[in-house]
Amino acid sequence: MEKLTIKMMLLALALGLGGCSSSDDNDIDKVPDKSAQALSADAREALDNGLYQKAIQILSAIDSRFPFGPISHQVQLDLLYAYYKSGDAAQGVALADRFLRLNPTHPNIDYVYYMRALINQATEANLFQDLAGIDRSDRDPTASREAFNDLKKVLSEYPESKYAADARKRMIGIKSRLAKYELAVARFYLKREAYASAANRGRYIVEYFSPSDEVEQALEIMIECYDKLNLEDLKRNSKQVLAVNYPDNPLVAN
């Protein structure tokens, strides 16, 4: 009961913080009438101090008032970061999409792909479900797939990028997330005795998400399904793969 109370307090705090961070549609009009350079300095100060909603307000004003100025691209890049830090995924992804479409050869294009990946990855973090201890592996992984693709693009097309090393690390985590989703689907089919579908999902995990912690469980599902389907050759092959990679698994001795 004490843990539940703490979780509810944290939820209430999150709601309160979320409410405080909202902004009016007329926020841009409230930004003082200054030069683009002066406003950029104000926005940078807000970003440095973690005042992301204020930074968004100022940067949006610059973007609106000086759309073709010499600092317009940097303003959009800063705005992209502010959207990410403030948790505004919809605006962040929309801005990244627009920037990529209009500036495909920009020298900082690797940063835009990287930030769009981070924004999509952040949408997977659901505070309410995390606090309640709910397993989210069966949620739609579209955002994770899009993040994975953008990180892969950074690695493949911009291997010298300063974001490449972190992109590689994040891809490993996303791979596990996608494998967990496939595993949840496989178990769903297994529970409903749709053995062929469950086995196919297991095989997909083995083929596309190795190495990952979910591969062992996928092989177990495949062995069970092939046993139910009387497919002895496929069952034997799956057990051989399990034995080579997970020799201590209880199914190996059976």
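A residue is called exposed when its relative accessible area is over 50%, buried when that area is under 20%, and partly exposed in between. Keep those words at hand for the stops below.

**Before you start**

This is a predicted model. Colour the chain by pLDDT. The mean is 85, and 82% of the residues reach 70 or more. Now select residues 1-25. Here pLDDT stays under 50. For this stretch the model has eleven contacts beyond four places in sequence.

**Stop 1: helix H3**

Select residues 36-48. This is helix H3, with 13 residues. From first C-alpha to last, H3 reaches 18 Å, close to the 18 Å expected at 1.5 Å a residue.

Which residues of H3 are buried? Show the side chains of Ala36, Leu39, Ala43, Ala46 and Leu47. Then look down the axis of H3. The buried residues fall within an arc of 100°, so they line one face of the helix.

Step past the end of H3 to Gly50. Gly50 follows the helix and has a positive phi, near 75°.

**Stop 2: salt bridges**

The structure holds 13 salt bridges. Side chains of opposite charge can pair when their charged atoms come close. Visit a few of the pairs.

- Select Lys34 and Asp42. They form a salt bridge, with the closest N and O atoms 2.8 Å apart. Lys34 is partly exposed, at 34% relative accessible area. Asp42 is partly exposed too, at 21%.
- Stay in this region and select Arg44, Asp48 and Asp78. A network of salt bridges links these residues.
- Move on to Asp97 and Arg116. Their closest N and O atoms are 2.6 Å apart, in a salt bridge. Asp97 lies in helix H6 (residues 89-102) and Arg116 in helix H7 (residues 109-122), so the pair ties together parts that are 19 residues apart in sequence. Asp97 is partly exposed, at 31%, while Arg116 counts as buried, at 16%.
- Go to Asp166 and Arg170. Their side chains meet in a salt bridge at 2.6 Å, N to O. Both lie in helix H10, four residues apart, about one turn of the helix. Asp166 is partly exposed at 27%, and Arg170 is partly exposed at 24%.

**Stop 3**

Is Val185 buried or exposed? Val185 counts as buried, with 13% relative accessibility. Twelve residues separate Val185 and Ser197 in sequence, and their C-alpha atoms are 9.2 Å apart.

**Stop 4: a loop serine**

Where is Ser212? Look in the loop between helix H11 (195-208) and helix H12 (214-228). Ser212 counts as buried, at 13% relative accessibility. Show the side chain of Ser212 and the backbone oxygen of Phe209: the side chain reaches that oxygen at 2.8 Å. Ser212 touches both, leaving aside residues up to four places away in sequence.

Key:
Residues are numbered from 1 along each chain as its sequence is written. This is a predicted model: local features need pLDDT of at least 70, side-chain atom pairs count only at pLDDT 80 or more; totals for chains, interfaces and linings use all residues. Side-chain values use heavy atoms; hydrogens and water are left out. pLDDT is the predictor's confidence in each residue, from 0 to 100. Contact means heavy atoms within 4.5 Å. Helices (H or I, at least four residues) and strands (E, at least two) are DSSP runs, numbered from the N terminus. The expected span of a helix is 1.5 Å times one less than its number of residues. Buried means under 20% relative accessible area, exposed over 50%, partly exposed in between (1.4 Å probe, protein chains only). The arc is that of the directions from the helix axis to the C-beta atoms. A polar contact is a pair of N or O atoms within 3.5 Å; within protein, one must be able to donate a hydrogen and the other to accept it, and residues adjacent in sequence count only if both atoms are side-chain atoms. A salt bridge is a side-chain nitrogen of Lys or Arg within 4 Å of a carboxyl oxygen of Asp or Glu.
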